[in-house]
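Dear colleague,

Please find below the structure I am handing over to you. My notes on its aromatic residues follow.

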Amino acid sequence: MIIGIVGAAGYLTWQGFSKTSNEPQVPVKIQVEKGMTAAQIADVLEQNKVIKSAFIFRYEVKKKGVGANFQPGTYNMKTGMDYNAAIKALTAGPPIKYIDLTIPEGWTSKQITERVSSQTKIDAASYLSLVTDGRVAVEYPFLQNNGAPTKNLEGYLYPQTYKVPDDITAEKFLNMQLAQFQKETESLDWEQTQSLGRTPYEILVIASLIERETRVNDEKPLVASVIYNRLAKNMLLQIDATVQYALPEWKDKLTYDDLKVESPYNTYLHQGLPPGPICNPSASSIEAALTPGQTQYLYYVLAPDNSGRHTFAATYDEFLHAKAQYQASQNGR
């Protein structure tokens, strides 16, 4: 009985030591490494004056049976903390740092990889290999029987501002993008693929061309109509952005030699659609590819006023006339 009384008295003494003092608390960062035991963590806390006694901390941890629940990471703690508060923080895990990761519309997988690797801890090679090999954690319906000749996920990396932990893995972020693609596109009228005589993957290819050809939303159905009209007439699409995609580096202005680069993506040399998307388009571009405008347009000319708008033409003469007018307006300045 004497032993019990002494033990209880000792415990009360320990508890007394655990009470917060009147000393001001000072912020301190505590690093808990993977594999550290509760005893080792207790020593680190005591050394940094987060707690007064490592012995009492170990006793409380053992009593609660939570030692195995402590999470590795960096903790923002304070000196003179209550034991229960310190245990609760270690059990909850370190605070997660989130960042806003913006993927602009019309970017390629290579451009996305550069941004992802520069703003997170994701390894560029790991992310890009997942994209090119089509390795995903979920069986997304839009990847099943879509008519794609490849597993490459170019085109499906949905452009969006994502709120992600800075230590997110390549697999998790890729699946966030694919889940967003599904969310943004599942309400579109994909049954139009049959009447258009295209596979869902070809629709995505066309959408990527539209995305790169205009940044004006109300022009997208018109650009789509030009693409479909030229395909119907077996005309070369002659889209500069497909040549840019074929080149090793982006160029501000293409040369005539660039237009001769041998690549299945070069629509100045090869009829029909390129073999895959040339960027990752927005839902509005995919919608335009599914519901193109009903026009006779075969050409368009970019306005020189930086508005991003185009003049559309049904004949080559109309195209030349619009081009000449723009050039005259430029020369007259």
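**Aromatic pairs**

Phe70 is a buried residue, its relative accessible area being 10%. Please note that the model is predicted.

The partner of Phe70 is Phe57: the ring centres are 6.2 Å apart and the planes meet at 35 degrees, so this pair is tilted. An angle of 35 degrees falls in the tilted class because stacked planes must be under 30 degrees apart and edge-to-face planes over 60. Phe57 belongs to helix α3 (residues 54-64), whereas Phe70 sits in the loop between α3 and β2 (73-78); the pair thus links distant parts of the chain, 13 residues apart. Phe57 is likewise buried, with a relative accessible area of 0%.

A further aromatic pair is formed by Tyr162 and Phe173, whose geometry is edge-to-face, with 5.4 Å from centre to centre and 80 degrees between the planes. Tyr162 is located in strand β4 (residues 161-165) and Phe173 in helix α7 (residues 170-185), so the contact ties together parts that are eleven residues apart in sequence. Tyr162 counts as buried at 4% relative accessibility, and Phe173 is buried with a relative accessible area of 0%.

Which residues do ring pairs link into a cluster? They are Tyr140, Phe142, Tyr156, Tyr158 and Phe181.

As for the overall count, a search of the whole structure finds 14 aromatic pairs.

With kind regards

Notes. Residues are numbered from 1 along each chain as its sequence is written. This is a predicted model: local features need pLDDT of at least 70, side-chain atom pairs count only at pLDDT 80 or more; totals for chains, interfaces and linings use all residues. Side-chain values use heavy atoms; hydrogens and water are left out. Rings of Phe, Tyr and Trp (its six-membered ring) pair if their centres lie within 6.5 Å; planes under 30 degrees apart count as stacked, over 60 as edge-to-face and the rest as tilted. Helices (H or I, at least four residues) and strands (E, at least two) are DSSP runs, numbered from the N terminus. Buried means under 20% relative accessible area, exposed over 50%, partly exposed in between (1.4 Å probe, protein chains only).
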